[in-house]
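User: I'm new to this one and would like to go through it piece by piece. Can we look at it together?

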Amino acid sequence: MSDEDIDLSDCPEITSEMFAKAVVRRGSPATKAKTQVTLPIDSDVLEWFKSQGRGYQTQINQLLRAYMEAHQ
């Protein structure tokens with residue numbers, strides 16, 4: 001199949017707003033063993049992460065990892 005044969009009519013156009021909200025995940029390590037914890041988080045912080053959509057827990061983990069690596 002050539003590129004011209006692909007029907008993209010049902011695909012949404014990618015906008016600059018979509019790119020502005022994109023999360024870069026370069027060089028993220030392979031999935032490591034996770035430990036389930038209970039952690040008190042301010043409710044407004046948690047609601048903001050949840051409002052970002054699916055994967056908010058992964059995003060929180062990545063931010064904590066970036067902070068850890070920056071402070072080693």
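User: Let's start with alanine 70: is it buried or exposed?

Analyst: Keep in mind that this is a predicted model. Alanine 70 sits in helix 3. Its relative accessible area is 61%. The cut-off for exposed is over 50%, so alanine 70 counts as exposed.

User: How many Å lie between the C-alpha atoms of alanine 70 and phenylalanine 49?

Analyst: Along the sequence, alanine 70 and phenylalanine 49 are 21 residues apart. In space, going from C-alpha to C-alpha, the separation is 21 Å.

User: Moving to helix 2 and helix 3, at what angle do their axes cross?

Analyst: Two packed helices are described by the distance between their axes and by the angle between them. For helix 2 and helix 3 (residues 56-70), the axes come within 8 Å. The crossing is right-handed, and the angle is roughly 115 degrees.

User: Which residues of helix 3 make that contact with helix 2?

Analyst: On the helix 2 side, the contact is made by Leu46, Phe49 and Lys50. Taking both helices, the contact residues divide into 5 nonpolar, 1 polar and 1 charged. The helix 3 side brings in Tyr56, Gln59, Ile60 and Leu63.

User: Let's zoom in on tyrosine 56. Which residues does it touch, leaving aside neighbours within four places in sequence?

Analyst: Tyrosine 56 is placed in helix 3 and is partly exposed, with a relative accessible area of 21%. Setting aside those sequence neighbours, its contacts are Leu46, Phe49 and Lys50.

User: What about glutamine 59: buried or exposed?

Analyst: Glutamine 59 lies in helix 3. Leaving aside neighbours within four places in sequence, glutamine 59 is in contact with Val23, Phe49 and Gln52. Its relative accessibility is 19%. Buried means under 20%, so glutamine 59 is buried.

User: How much space lies in the second largest pocket?

Analyst: The lining of the second largest pocket includes Lys21, Val23, Arg25 and Ser51, along with Tyr56 and Gln59. Gln52, Gly53, Arg54 and Gly55 line the pocket too. By type, the lining divides into 2 nonpolar, 5 polar and 3 charged. The space in this pocket is about 170 Å³.

User: Last one: is alanine 33 buried or exposed?

Analyst: Alanine 33 is found in the loop between helix 1 (16-20) and helix 2 (43-51). The C-alpha atoms of alanine 33 and serine 16, 17 residues apart along the chain, are 35 Å from each other. The relative accessible area of alanine 33 is 80%. That value is over 50%, so alanine 33 is exposed.

How values were computed: Residues are numbered from 1 along each chain as its sequence is written. This is a predicted model: local features need pLDDT of at least 70, side-chain atom pairs count only at pLDDT 80 or more; totals for chains, interfaces and linings use all residues. Side-chain values use heavy atoms; hydrogens and water are left out. Helices (H or I, at least four residues) and strands (E, at least two) are DSSP runs, numbered from the N terminus. Buried means under 20% relative accessible area, exposed over 50%, partly exposed in between (1.4 Å probe, protein chains only). Axes are lines fitted to C-alpha atoms, for helices over the stretch in contact, and angles run from 0 to 180 degrees between N-to-C directions. A crossing is left-handed if the near helix is turned anticlockwise from the far one by less than a right angle, and right-handed if clockwise. Contact means heavy atoms within 4.5 Å. Ala, Val, Leu, Ile, Met, Phe, Trp, Tyr, Cys and Pro count as nonpolar, Asp, Glu, Lys and Arg as charged, and the others, Gly among them, as polar. On a 1 Å grid over the protein atoms alone, a cavity is a set of points where a 1.4 Å probe fits but cannot get out, and a pocket is an open set with protein on both sides within 12 Å along at least five of seven lines; lining residues have an atom within 4 Å of a point. Grid points are joined across faces, edges and corners, and a volume is the space filled by probe spheres set on the points.
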